[in-house]
Amino acid sequence: MGRMHSNGKGISKSALPYKRTPPSWLKVTASQVEEHVCKLAKKGLTPSQIGVILRDSNGIAQVKSVTGSKILRILKKAGLAPEIPEDLYMLIKKAVAVRKHLDRNRKDKDSKFRLILIESRIHRLARYYRLSKKLPSNWKYE
C-alpha cells in the first residue's frame, strides 16, 4: 500500500529480532523497567520517547521482551497513559504549527494546501480511534 498524500511505495523498515527473550547480558528486571517507564512518563515523555531513551541509555532494545507487555500497556496499568493517542497528538501538533505559520504568512499557498492534507489525516485517524473506542464518540478536532 502506498503513501496517503504522496507517491512513494516504500517498504523499507526495521525488523524485530527473531528471539523474543531479552539478551543474556541485560541484568535489569521487569519491575525495574516498569518503574523506569513510569518515572519517564511522569516527566511528560511520550511512549515512543520513553522507548528511545530506554534503548539508547539503558540498553533495553525491546521493553516487551523484558517485561512481557508494551510501554503503552504499562502506562495504562499505572494510569499514566495519554488521553489521546500519540500519533493523533503529533498530527494535531503539526497542524497547529502550520496554522501559526499561516497566521504570519498569509500568502503561503503551499502551506495552506499541506494544512488541508494534515487535517484530512487527523480526521481519518480520529474516525478510526472513535470506532475502536480509543477516543470518546463525541470527540472532535477543531
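Visitor: Which helices each supply at least two residues of the lining of the largest pocket?

Guide: Happy to. They are α2 (47–58), α3 (63–67) and α4 (71–78), where helices are DSSP runs of H or I with at least four residues, numbered from the N terminus. Please keep in mind that this is a predicted model, in which local features need pLDDT of at least 70 and side-chain atom pairs count only at pLDDT 80 or more, while totals for chains, interfaces and linings use all residues. Residues are numbered from 1 along each chain as its sequence is written, and side-chain values use heavy atoms, leaving out hydrogens and water.

Let's start with the space itself. The largest pocket holds about 740 Å³ (an open set of points on a 1 Å grid, with protein on both sides within 12 Å along at least five of seven lines). Its lining is made up of 24 residues, and those closest to the centre are Leu16, Gln62, Val63, Lys64 and Lys70; a lining residue has an atom within 4 Å of a point. By type, the lining residues split into 13 nonpolar, 5 polar and 6 charged.

Now move to the loop between α3 and α4, where you will find Ser69. Ser69 counts as buried because its relative accessible area is 18% (buried is under 20%, exposed over 50%, with a 1.4 Å probe and protein chains only). Beyond its neighbours within four places in sequence, Ser69 touches Val63, Lys64 and Ile74, with contact meaning heavy atoms within 4.5 Å. Val63 and Lys64 are also among the residues closest to the centre of the pocket.

Helix α1 covers residues 30–42, and its 13 residues should span 18 Å at 1.5 Å a residue, which agrees with the 18 Å between its end C-alpha atoms. The expected span is 1.5 Å times one less than the number of residues. Val33, Val37, Cys38, Leu40 and Ala41 are the buried residues of α1. They lie on the same side of α1 because they cover an arc of only 165° around the axis, taken from the directions from the helix axis to the C-beta atoms. On the other side of α1, Glu35 and Lys42 are exposed. One last stop comes just after α1, where Gly44 adopts a positive phi of about 100°.

Definitions and conventions
On a 1 Å grid over the protein atoms alone, a cavity is a set of points where a 1.4 Å probe fits but cannot get out, and a pocket is an open set with protein on both sides within 12 Å along at least five of seven lines; lining residues have an atom within 4 Å of a point. Grid points are joined across faces, edges and corners, and a volume is the space filled by probe spheres set on the points. Ala, Val, Leu, Ile, Met, Phe, Trp, Tyr, Cys and Pro count as nonpolar, Asp, Glu, Lys and Arg as charged, and the others, Gly among them, as polar.
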